[in-house]
Amino acid sequence: LGAEEGATLYHGFKKKITKEEFSERIKNNTLLEVLNKVPVKKGDVFFIESGTVHAIGAGIMICEIQQNSNTTYRIYDYGRLGKDGKPRELHVDKAADVTKLCPPSIPDSSKREVEKFDNASRSKLTSCDLFTMYELSVDGEYSSVCDEQSFVSLLCLEGSAEIECDGKKLMMKKGESIFIPANKGKFTINGNVKILETRL
């Protein structure tokens, strides 16, 4: 959603490493030397597969769409301390068993599918078996359907619009989101707006 000049994130490894090297580098604080450091800018999209080491650097505002999961393994904590003044727990052994110890596959974002509608266009940002995410640009009035197959999550990236669904109207502006439950039927977006749309 936004990034300061020079902002970066870590996404997987620069090269393939062994489980032993992974554990050793965590112990001797050299893990960052083999992580894939990626410069980021506003509008970038990264699909980070399960099991991929990742960390978000300073100066970045993100929207993270993910499978509902309560499992996160912390392997490095930059020397930070918890509220009790002690280092937070690391999960090195568990992480070593499930981490992909190789460079990530990064799709070519220049080959996005784009659909054209009256007063709108929609490009697919990423898709997997758990969700599909689109960037939707609307200038005027645009209608779509929320069927029984999925909810529709709308996050306003730029501009503002009125959303009408099931007899209700709501305004949304940059930074706000609206969740339309599955099977609500037709909804209408009226305004000049760029939206992140997520469906199952």
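These questions and answers cover a predicted model of one protein chain, with threonine 99 as the local example.

Visitor: What share of contacts in the protein chain, between residues at least 6 apart in sequence, join residues at least 24 apart?
Guide: The C-alpha atoms fill a box of roughly 60 × 40 × 35 Å along the principal axes. Take the contacts between residues at least 6 apart in sequence. The share joining residues at least 24 apart is 65%.

Visitor: Where is threonine 99 placed?
Guide: Helix 2 covers 92-98 and strand 6 covers 114-117. Threonine 99 sits between these two elements, in the loop.

Visitor: Is threonine 99 buried or exposed?
Guide: Its relative accessible area is 14%. Buried means under 20%. Threonine 99 therefore counts as buried.

Visitor: Which backbone oxygen does the side chain of threonine 99 reach?
Guide: Set aside residues up to four places away in sequence, and threonine 99 touches Phe13, Phe22, Gly51 and Val53. Its side chain also reaches a backbone oxygen at 2.6 Å. That oxygen belongs to alanine 95.

Visitor: How far apart do the centres of the positive and negative side chains lie?
Guide: The protein chain has 29 positive side chains and 30 negative ones.

Definitions and conventions:
Residues are numbered from 1 along each chain as its sequence is written. This is a predicted model: local features need pLDDT of at least 70, side-chain atom pairs count only at pLDDT 80 or more; totals for chains, interfaces and linings use all residues. Side-chain values use heavy atoms; hydrogens and water are left out. Helices (H or I, at least four residues) and strands (E, at least two) are DSSP runs, numbered from the N terminus. Buried means under 20% relative accessible area, exposed over 50%, partly exposed in between (1.4 Å probe, protein chains only). A polar contact is a pair of N or O atoms within 3.5 Å; within protein, one must be able to donate a hydrogen and the other to accept it, and residues adjacent in sequence count only if both atoms are side-chain atoms. Contact means heavy atoms within 4.5 Å. Lys and Arg count as positive and Asp and Glu as negative; His and the chain ends are not counted. The place of a charge is taken as NZ of Lys, CZ of Arg, CG of Asp or CD of Glu.
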